[in-house]
Amino acid sequence: TEAIGLYNIGQNCCLNSLLQVFFMNIHFTRILRRIIVPPPAVQKRNVPYQMLLLLEAMQCGKRKAVSPTDLASCLSGYRVKLFVQHDAAQLFLTLWNLLKRQMKKPELVEELNDLYTICVQEHLACQKCSFEIKRNSSILTLPLPLLDSSSHMLKTLEDCLQYFFHPEELTDHNMCFCEQCGRRTSFLQSMKLVRLPQTLTIHLKRFCFEKLAYIHKLSHCLPFPQELDFNAVLTENQCQADDNEKAGWQYELFAVVAHSGSTTCGHYCAYIRSLTECKWYCFNDSHVCQVSWDDVKCTYGHSNLYW
C-alpha cells in the first residue's frame with residue numbers, strides 16, 4: 001500500500017529510477033507476474049525472474065526500502081556495470097532486450113511489445129525522379145532532439161515532436177544513390193507515425209556530441225504537458241495510420257526520469273504518478289515522498305536542478 005524505495009548499492013540511481021517506472025506500471029507488472037519460473041540452475045541469471053523477486057520483496061516487506069543487490073548481480077553477468085554513470089535511455093533499452101529475450105511465453109513477449117513499442121515508417125523520395133523507398137520499423141523510444149538544424153533551442157515538447165517528424169532534404173555529402181537515376185541524388189527523408197503503444201516512452205536528447213567527441217549536456221528549460229494528443233500535434237502527412245488507430249493517440253503523463261549534474265558526474269531521480277492512487281511520488285533511491293505537479297515541473301530542466 002506504500003511506495004517503496006530502492007537502496008543505492010553503487011551509483012545505481014539510474015537503474016533504481018528505471019525499475020521504479022517499470023514496477024509502478026500495473027500493466028507491466030501484470031505481464032511480469034505471469035512469467036514461467038526458470039529452473040533453479042539458471043534463476044540467478046534470469047532477469048525477468050529476478051525483477052519479479054525484487055517486486056515481491058518491495059510489496060511484501062514492511063521496510064521503506066529494499067536492496068536490488070540480486071538483480072544488480074544478475075545484470076552484471078550481461079555487462080551492466082555498477083559504480084558507473086549510465087545513460088537512462090541506453091539502460092532502458094538493455095533491460096528491455098533482456099526481458100524480451102528471457103521471457104519464454106510468446107504471448108507475454110507480444111503483450112510487452114504492445115505495451116511499449118512504437119511503429120514508424122521511414123520514407124525516402126528522390127528529388128530528381130519518382131523513386132521512393134518505404135520501410136516500417138519498430139523503436140522503443142521517440143528520441144527527440146532539443147535543438148533544430150541551426151542549433152536553436154526548441155521551446156516545448158510539441159515543438160520537438162513536430163521537428164522530429166518534419167521532412168529533411170539530404171543534399172551534398174548526404175545524398176543517396178537512386179536506383180532509377182543510376183547516380184547519387186538529393187533525397188527527401190521523412191518519418192511517419194504508424195502505431196503508438198499503450199505506454200509511450202519519449203527520450204529527450206539532452207546529451208549531444210560536439211567537436212573532438214566532447215559530450216555536452218543541454219540543461220535549458222523544456223516544458224511538457226500532463227496530457228498529450230498526437231492528433232493535435234502532428235499533421236496528416238506525418239501519420240500513416242487509420243482513424244481507429246489515431247483515436248487512441250491521447251496520453252496522460254505517467255513518469256519522468258530526470259538527470260541532474262554534468263555528463264561525467266550526476267544523479268538520476270524518478271517522478272511517478274501512481275495509477276491506483278493518482279498521486280505523484282518522487283523516487284530518490286531509498287527515499288520516497290509524495291510531491292505535487294509543481295514539484296514535477298523541476299524536471300523541465302535548468303542549470304540549478306533541485307529535487
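Modeller: Helices H3 and H5 are roughly perpendicular to each other (angles of 65 to 115 degrees count as such, under 35 as roughly parallel, over 145 as roughly antiparallel and the rest as oblique). In this predicted model, local features need pLDDT of at least 70 and side-chain atom pairs pLDDT 80 or more, while totals for chains, interfaces and linings use all residues. Residues are numbered from 1 along each chain as its sequence is written, and side-chain values use heavy atoms, without hydrogens and water.

H3 covers residues 47-60 and H5 residues 88-102; they pack at about 105°, with axes 8 Å apart. Helices are DSSP runs of H or I with at least four residues, strands runs of E with at least two, numbered from the N terminus. Axes are lines fitted to C-alpha atoms, for helices over the stretch in contact, and angles run from 0 to 180 degrees between N-to-C directions.

Val-47, Pro-48 and Met-51 of H3 meet Leu-98, Leu-99 and Gln-102 of H5, contact meaning heavy atoms within 4.5 Å.

As for charged pairs, the whole structure holds 7 salt bridges, each a side-chain nitrogen of Lys or Arg within 4 Å of a carboxyl oxygen of Asp or Glu. One of them joins Arg-34 to Glu-111, with the closest N and O atoms 2.7 Å apart. Because Arg-34 lies in the loop between H2 and H3 and Glu-111 in H6, this pair ties together parts 77 residues apart in sequence. Arg-34 is partly exposed at 35% relative accessibility, and Glu-111 is partly exposed at 29% (buried means under 20%, exposed over 50%, partly exposed in between, with a 1.4 Å probe and protein chains only).
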